[in-house]
Amino acid sequence: MNKIPWQDKPKDSEDVLWRYDANPIIDRYAIPNSNSIFNSAVVPFENGFAGVFRCDNKAVQMNIHAGFSENGVQWNINHEPIVMQAGNTQMIDSDYKYDPRVAFIEDRYWITWCNGYHGPTIGIGYTFDFKEFFQCENAFLPFNRNGVLFPKKINGKYAMLSRPSDNGHTPFGDIYLSYSPDMKYWGEHRCVMKAASFNDSAWQCAKIGAGPVPIWTNEGWLMFYHGVIETCNGFRYSVGSALLEENQPDKVKYRTQPYLMAPSEIYERVGDVPNVIFPCATLHSLEEDKLALYYGAADTVTALAFGHISEIIAFTKQNSL
Ligand code: BMA
């Protein structure tokens with residue numbers, strides 16, 4: 001049960017992350033009304049896995065759907081979007097929902113997503129069973145994206161990364177950390193890390209945003225993030241990694257100067273938005289030293305990559321900015 005998807009590193013590869021050879025794992029038309037299924041989050045659930053999937057429909061309305069899988073590769077995604085009930089508030093307005101993350105904390109699965117409330121901000125909800133979902137207060141004022149919870153309380157408080165933004169396609173963006181005693185009121189905002197300078201690391205010089213829920217390791221929190229460069233043909237999204245201090249995760253110990261993975265396969269370079277790799281979840285086993293990274297490709301399909309956690313940590317330390 002809960003055996004994470006895995007494929008050994010190809011013999012001729014020196015990459016720290018390598019792609020699943022049958023990518024993409026979820027087709028854009030995997031449910032009847034979808035235009036695209038990408039930037040989605042998965043977790044271990046019961047004897048298999050569950051997830052929250054970003055499905056844009058054929059009217060190109062953005063919403064999140066629950067899905068289930070026995071092996072983490074083949075997914076059954078509900079045809080209808082998640083219907084939220086009132087959680088810690090009656091105010092559950094939402095013009096759209098996209099880019100979900102899922103974190104199991106204590107007794108339930110917490111979902112964060114980019115919630116449309118007079119522009120994008122961070123929506124929060126929870127579920128125990130992936131059938132009933134409860135929506136809470138938005139974490140922040142608009143505009144914000146890439147809200148990612150830590151999987152346990154830090155110094156007694158919930159902790160969340162986010163990326164303040166604008167109401168458009170945001171040519172800037174840095175990663176911040178906020179705390180909450182109750183999942184309703186958020187404060188103690190701290191800057192974690194900023195976009196790099198063009199000369200130091202151009203792939204992450206326009207904006208950066210947290211990806212999957214950070215992983216606790218004996219070297220600190222392992223955080224994957226997306227880094228963006230603005231080219232003459234638009235944005236290009238790649239993946240980097242960082243190690244953050246255990247009890248003070250606004251302190252960055254290491255952060256990769258080179259990317260771990262950049263758009264290079266055809267399904268990453270061609271799609272509704274070309275040249276986007278956007279990681280939103282991992283399944284991992286520290287004991288087995290294995291990690292499966294789920295990412296949206298070209299804002300169209302969902303794909304999978306693998307890595308050894310120890311190699312990713314070593315790479316992050318050895319190639320730090
Ligand atoms: C961001 C979000 C993501 C998307 C990315 C690239 O602003 O909309 O969902 O993957 O742009 O288009």
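Select Phe 130 and show its neighbours. Leaving out residues up to four places away in sequence, Phe 130 touches Val 43, Phe 45, Ala 50, Gly 51, Val 52, Ala 66, Phe 68, Val 102 and Tyr 109; a contact means heavy atoms within 4.5 Å. This is a predicted model, in which local features need pLDDT of at least 70 and side-chain atom pairs count only at pLDDT 80 or more, while totals for chains, interfaces and linings use all residues. Residues are numbered from 1 along each chain as its sequence is written, and side-chain values use heavy atoms, with hydrogens and water left out.

Buried means under 20% relative accessible area, exposed means over 50%, and partly exposed lies in between (1.4 Å probe, protein chains only).

In soluble globular proteins, nonpolar side chains tend to be buried together.

**The whole chain**

Zoom out and switch to a cartoon. The protein has 2 helices and 22 strands; these are DSSP runs numbered from the N terminus, with helices (H or I) of at least four residues and strands (E) of at least two. Its radius of gyration is 18 Å, close to the 20 Å that the globule rule gives for 321 residues, so the protein is as compact as a globular protein of that length. That radius is taken over C-alpha atoms, and the rule is 2.2 Å times the number of residues to the power 0.38. The C-alpha trace spans about 50 × 45 × 45 Å along its principal axes.

Of the 321 residues, 57% count as buried. Among contacts with a separation of 6 or more, 53% come from residues 24 or more positions apart.

**Loops to visit**

Go to Asn 47, in the loop between β2 and β3. Is Asn 47 buried or exposed? Asn 47 counts as exposed, at 56% relative accessibility.

Most residues other than glycine have a negative phi, and most peptide bonds are trans. The next stops depart from this.

- Select Glu 106, in the loop between β7 (97-105) and β8. Its phi is near 60 degrees, a positive value in a residue other than glycine, and at 55% relative accessibility Glu 106 counts as exposed.
- Select Asp 299, in the loop between β21 and β22. Its phi is also positive, near 50 degrees, but Asp 299 is buried, with a relative accessible area of 18%.
- Select Asn 23 and Pro 24; the peptide bond from Asn 23 to Pro 24 is cis, with omega near -10 degrees. Pro 24 lies in the loop between β1 (18-19) and β2.
- Select Pro 142 and Phe 143, where the peptide bond is cis with omega near 10 degrees. Phe 143 sits in the loop between β10 (133-135) and β11 (144-149).
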